[in-house]
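Good morning, and thank you for coming.

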Amino acid sequence: MVTLRVAIVGSGPAGIYTAEALVKQSHDPVEVDVLERLPTPYGLVRYGVAPDHTSIKSIAGYLRRVLETPGVRFLGGVELGADLSVDDLLSCYDAVVYCTGAMVDRHLGVPGEDLPGSVAATDFVNWYCGHPDVPPDAFSLDAEEVVVIGVGNVAVDVVRIMAKTADELRGTDVPEEVLDRLAASKVKRVHMVGRRGPEHAKFTLKELRELGELLNADVLTFPDEVAVADMTTLSRQVRGNVDVLRSWSERKTADRPRRLEVRFWLRPVEILGVSRVEGVRLERTRLENGRVVGTGDFETIPADMVMRSVGYQSVALPGVPFDPGSMTVPNVAGKAADRQYVAGWLKRGPTGVIGTNKSDAAETVRTLLAEAVPGTATARLDDLLAARGLSPVTYEDWLAIEAAEASLAGSLSRGERVKLVGRDAMLGACGRLARPGGPS
Ligand SMILES: Cc1cc2nc3c(=O)[nH]c(=O)nc-3n(C[C@H](O)[C@H](O)[C@H](O)COP(=O)(O)OP(=O)(O)OC[C@H]3O[C@@H](n4cnc5c(N)ncnc54)[C@H](O)[C@@H]3O)c2cc1C
Ligand SMILES: NC(=O)c1ccc[n+]([C@@H]2O[C@H](COP(=O)([O-])OP(=O)(O)OC[C@H]3O[C@@H](n4cnc5c(N)ncnc54)[C@H](OP(=O)(O)O)[C@@H]3O)[C@@H](O)[C@H]2O)c1
């Protein structure tokens, strides 16, 4: 029987669940190559999930077993678009599955958004997670007053990381240079602002409750902003959120070093400042026929830093169909084009937890297996990469990077691992040097 050869582009949850669904099925013999632009696997599990959420991060143990399954190969440091084209992949594989996630921030579209001091949560998350695209000196928390726009789980993550002490984060994998900068943080007040009401916030109850348990920060809300006329129509989860937010409006503050205010019914209209951020002008809102509209009442919150946490978005891959409206790859049950498929955030947009990608990947794999023809492609990726002087990071190399991170944690007397920062450090740890001008 001829083996079906599939390339998966991206090694986040969607890519690895796709690999798992392909090799677990029993009809066709399958070989899967998982290509990844970074030297490391696991996508947002490594560079998104908050460092203090260690139990969620442990999903990497499950993903690891997939990469260790016979028939699955990890090839790091290989970027579609920079190192390989779609045509290259189609010449080497019977089918290609794009799982490149959503790497960039959505924009607010208000004046002042680009002022120094106005930053994307995407970059801040990448920074504290030690992503090689963001150097450790990218942020210093000199700001005393911070406004975070958005009330989703990412906003909750960034607020929690800013509110905690560096000591509380010592046992995590936060890079040492980042930890030093967090220890020197001057942040005193954080305002997290939602443009609709508490019943519309996107954060989940477990994550919200954690803010109320912060040791280093008083958390409060304003009674008028968390009042909800009719609680009976709300789901249990949303009712839970509203109950927690209401209870914070009655809380006595305890003079903790930091203060977090969770605000609602305020939309940003301008980020103020001359040469850098000085505040945010917000307009009070209400709902009209389900739409957020301004009331004409304005409020300014002074701020030294504004963090925009209004969602992620995917980027188009050269040669791959892309809908600029939804910022996803148009597809029917995962099929994007002849022999080309898509899964994960690139397929359905940047929503959903890690597990959501499993059923999503399963749908794509069902579509793929129903029509893929083994033996369609005859070229070999290894030959093509060798001809271009490219030598991918192997799974064994990745294990060496992991071992170096564990050993760094030991030498610093910190947790199980401390992230190495930058490609050179990672490639050095596995006995390779970064290629000059190599993949980003
Ligand atoms: C900050 C943050 C925190 C989160 N925390 C949680 C949480 O605690 N719990 C939870 O359940 N969910 C969480 N999520 C959601 C979860 O991370 C996503 O559902 C999931 O990661 C999406 O998987 P994906 O594989 O589609 O994308 P990703 O995880 O982003 O993986 C995409 C991969 O593709 C690679 N790639 C991109 N472009 C290329 C290219 N051109 N060539 C090769 N490779 C490429 C990327 O480097 C990356 O490794 C969080 C999300 C964010 C943003
Ligand atoms: N612990 C976890 O499980 C965890 C952690 C992190 C992330 N995640 C998941 O990852 C996904 C992405 O999270 P996310 O927080 O980036 O996105 P999100 O859940 O979509 O939240 C985005 C927030 O930004 C607001 N927003 C959007 N545009 C705005 C604008 N122009 N002005 C003001 N506010 C605006 C949204 O308000 P509106 O609702 O009014 O649009 C919403 O409050 C989610 O599915 C999330 O659950 C999970």
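I begin with helix H4, residues 59–67, whose buried residues are Ala60, Leu63, Val66 and Leu67. Buried means under 20% relative accessible area, exposed means over 50%, and partly exposed lies in between, with a 1.4 Å probe and protein chains only. Helices (H or I, at least four residues) and strands (E, at least two) are DSSP runs, numbered from the N terminus. Seen down the axis of H4, the buried residues fall within an arc of 105°, so they line one face of the helix; the arc is that of the directions from the helix axis to the C-beta atoms. Against what do the buried residues of H4 pack? Their partners are helix H1 (13–24), strand S2 (30–36), helix H2 (44–47), helix H3 (54–57), strand S3 (72–76) and H16, where contact means heavy atoms within 4.5 Å.

A word on the basis of these values. This is a predicted model, in which local features need pLDDT of at least 70 and side-chain atom pairs count only at pLDDT 80 or more, while totals for chains, interfaces and linings use all residues. Residues are numbered from 1 along each chain as its sequence is written, chains are lettered from A and ligands numbered from 1 in the order in which they are written, and side-chain values use heavy atoms, with hydrogens and water left out.

I turn now to the salt bridges. How many does the structure hold? There are 38 salt bridges, each being a side-chain nitrogen of Lys or Arg within 4 Å of a carboxyl oxygen of Asp or Glu.

One of them joins aspartate 133 and arginine 423, at 3.3 Å from N to O. This pair links distant parts of the chain, 290 residues apart: aspartate 133 lies in the loop between helix H6 (121–128) and strand S7 (145–149), and arginine 423 in helix H17 (residues 423–429). Aspartate 133 is partly exposed, at 38% relative accessible area, whereas arginine 423 is buried, at 17%.

A further salt bridge pairs lysine 419 with aspartate 173, with 3.4 Å between the closest N and O atoms. Here lysine 419 sits in the loop between helix H16 (395–411) and H17, and aspartate 173 in the loop between helix H8 (166–169) and helix H9 (176–183). Are these two residues buried or exposed? Both lysine 419 and aspartate 173 are buried.
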